[in-house]
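This report describes selected features of one protein model.

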Amino acid sequence: MKAVVLLCCCCCFLFQCFADTNQTAELLVDASQSSGRLISPTLFGIFFEEINHAGAGGLWAELVSNRGFEAGGPNTPSNIDPWSIIGNESSLLVSTDRSSCFERNKVALQMEVLCDSQGANICPPGGVGIYNPGFWGMNVEKGKTYSVILYVRSSGAINVSVSLTSSNGLQTLAADNIIASVSEVSNWTKFKVLLEAKGTNPSSRLQLTTTTKGLIWFDQVSVMPLDTYKGHGFRKDLVDMLADLKPQFIRFPGGCFVEGEWLRNAFRWKETIGPWEERPGHFGDVWMYWTDDGLGYFEFLQEALDGIEFARGDSDSTWGSLRAAMGHPEPFDLRYVAVGNEDCGKKNYRGNYLKFYSAIKRAYPDIQIISNCDGSSQPLDHPADLYDFHVYTSASNMFSMAHRFDRAPRKGPKAFVSEYAVTGKDAGAGSLLAALAEAGFLIGLEKNSDVVEMASYAPLFVNANNKRWNPDAIVFNSSQLYGTPSYWVQCFFSESSGATIFNATLQTNSSTSLLASAISWKSAEDQNTYLRIKIVNFGSNIVNLRIRVDGLGPNFVGLSGSNKTVLTSKNVMDENSFGEPKKVTPNLSLLEQAGEEMDVGLSAHSFTSIDLLMEPSYIRTGADSFSLSSI
């Protein structure tokens, strides 16, 4: 009780301190039928690029790093990092050779065990062998089952212990043995072991050990949790955060990762399909790490025509049949193809673009082609369905870019804002300030959705152990994750795609730090229709805002069921972290005295979303358009 009183006193005190600096404003929302227009049904989506170990060691749930021993290059002997040796030179010799049974992955690991279970050179009690720490530790959880697959060849009978242990090997979380006669392993043989964890450790490792003298070869060693998203091999907690954004499209593989710094390191989609053991992987020389390409073209769902045929071709076509053989006979819903990435200013781009454009349109007339050249200020000098627009800038510039598309051509190609984010000192590692500026920018995209068809933030993910870009939307390690304030801003717009937007006009004499929009949307959960009013206060003053909604008629706002969500914090540079994952997150509360006219206090540096429950006699949104049929 004392705490509550103290809190109230503090609130009153703060209000008095800032009373002289409070500003007033009025927001007029015209919710009449003539004002409303549909927002692009694909306005907000996601862009996935293999950066920051977003896929390898992230979204793709594979726990082993360098599972095929190919990361050291095709020449042997080679570096097997991050694999390490258990034992010393008197008991074990480890090298690589090109003896694998996989033609595109010829490198295998050879382990010569010099010690034995008896005789002069006895192996230590735990055996000798190799271990893999995964991507900065494997997250092993008690009660969960992990599938270990590995290929083995040996010159003699084997007894190999397969175990998941703590990072120092002293705690065994799960273990089993592979026992085979010489005839069973004289040629490459695939083994599968299911390990149920008896303990939890987010920094675990995989160990392959033995106490039997002889030569053993290993290749394509994989550890996958059985508990993945819908069984598709994706890390569930990360996918759940994406699902909460309700994305209407995905851009993949996208970004600089596709082209590579050098052409030899470009993303080759044909080498990322088929059985995972046969995928050669490649070194991404832009973001400087190796990927096994387990997360390839098939899992997400240029040679451009073959790539489109793989995604969209009939199941009896050359590449469509391969897709069908991989378990997906139905074509993927591929609608857009972007030619290049940030290449418009390069010497040969336009000429090469036209060749791609003509070839793709000839084979797939309905595919929408996206040009790298900006068409927001002047018409393009070449054909395109959309143009790609990227912006990384300061917070103040981003906020002002809410009006960037106000004067964009209303005819011709539409915009695909495929990469946007506040960067530099304003961003920190993901600040509230950056998020508020981006919220203002997204409100501008909502209002200009007649010329902006799609938008996505970048980058989407970052493994905290390998930050190649800053900031990012979702931060994770082997066992934890959190959304930055920029992620939470995107959640505010999760219902905007396909909704109806209304004219919303701010009237203020003193503030240029406010931006607002109003949409109507229908909830898939309760089937109710809501009028959502979003307001960004980018300024350092409290604003007393009067909201007036016209065009509804009397009693169209429900007496209950309306709510308010606010994103703010004590300091505009506040960030989330593993220690405080919810320091800057939306705060939901019931909205008292909801109606066509109401007064709302906007905190300094805040993003406020108000959902007004509409009575059933009002409008339906999206594909249902406007309807008064329930009267």
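Two strands are said to pair if DSSP finds at least two bridges between them. The model discussed here is predicted.

Strand 24 (residues 474-476) pairs with strand 25 in the antiparallel sense, over three bridges. Which residue of strand 25 is the bridge partner of I474? The partner is G483.

## Strand 6 and its partners

Strands of a sheet pair through backbone hydrogen bonds, either parallel or antiparallel. Strand 6 pairs with strand 5 (residues 92-97) in the antiparallel sense over six bridges, and L92 stands opposite V113 in strand 6. Five bridges also join strand 6 to strand 14 (residues 214-225), and these two strands run antiparallel. Here E112 stands opposite L215 in strand 14.

Why is strand 6 (residues 108-113) described as largely enclosed by the rest of the structure? The reason is that five of its six residues are buried.

## Aromatic pairs

A pair of aromatic rings is described by the distance of the centres and the angle of the planes. The structure holds 19 aromatic pairs. One of them is the edge-to-face pair of F102 and Y151, with 4.9 Å centre to centre and 85° between the planes. This pair links distant parts of the chain: F102 is in the loop between strand 5 and strand 6, whereas Y151 is in strand 9 (residues 145-154), 49 residues apart. F102 has a relative accessible area of 9% and is therefore buried; Y151, with 10%, is buried as well.

Y349 and Y353 form a tilted pair, with 5.8 Å centre to centre and 35° between the planes. Both residues lie in helix 8 (residues 349-363), four residues apart, which is about one turn of the helix. Y349 is buried, with a relative accessible area of 7%, and Y353 counts as buried at 1%. Elsewhere, F44, F492, F493 and F607 form one aromatic cluster.

## Charges over rings

R153 lies over the face of W217, at 3.9 Å from the ring centre. The charged end of R205 sits over the ring of Y131, 3.7 Å from its centre.

Technical notes. Residues numbered from 1 in each chain as written. Predicted model: local features only at pLDDT ≥ 70, side-chain atom pairs only at ≥ 80, totals over all residues. Heavy atoms only, no water. Buried < 20%, exposed > 50% of the residue type's maximum accessible area, 1.4 Å probe, protein only. Phe/Tyr/Trp six-rings, centres within 6.5 Å; stacked < 30°, edge-to-face > 60°. Lys NZ or Arg CZ within 6 Å of the ring centre and 35° of its normal.
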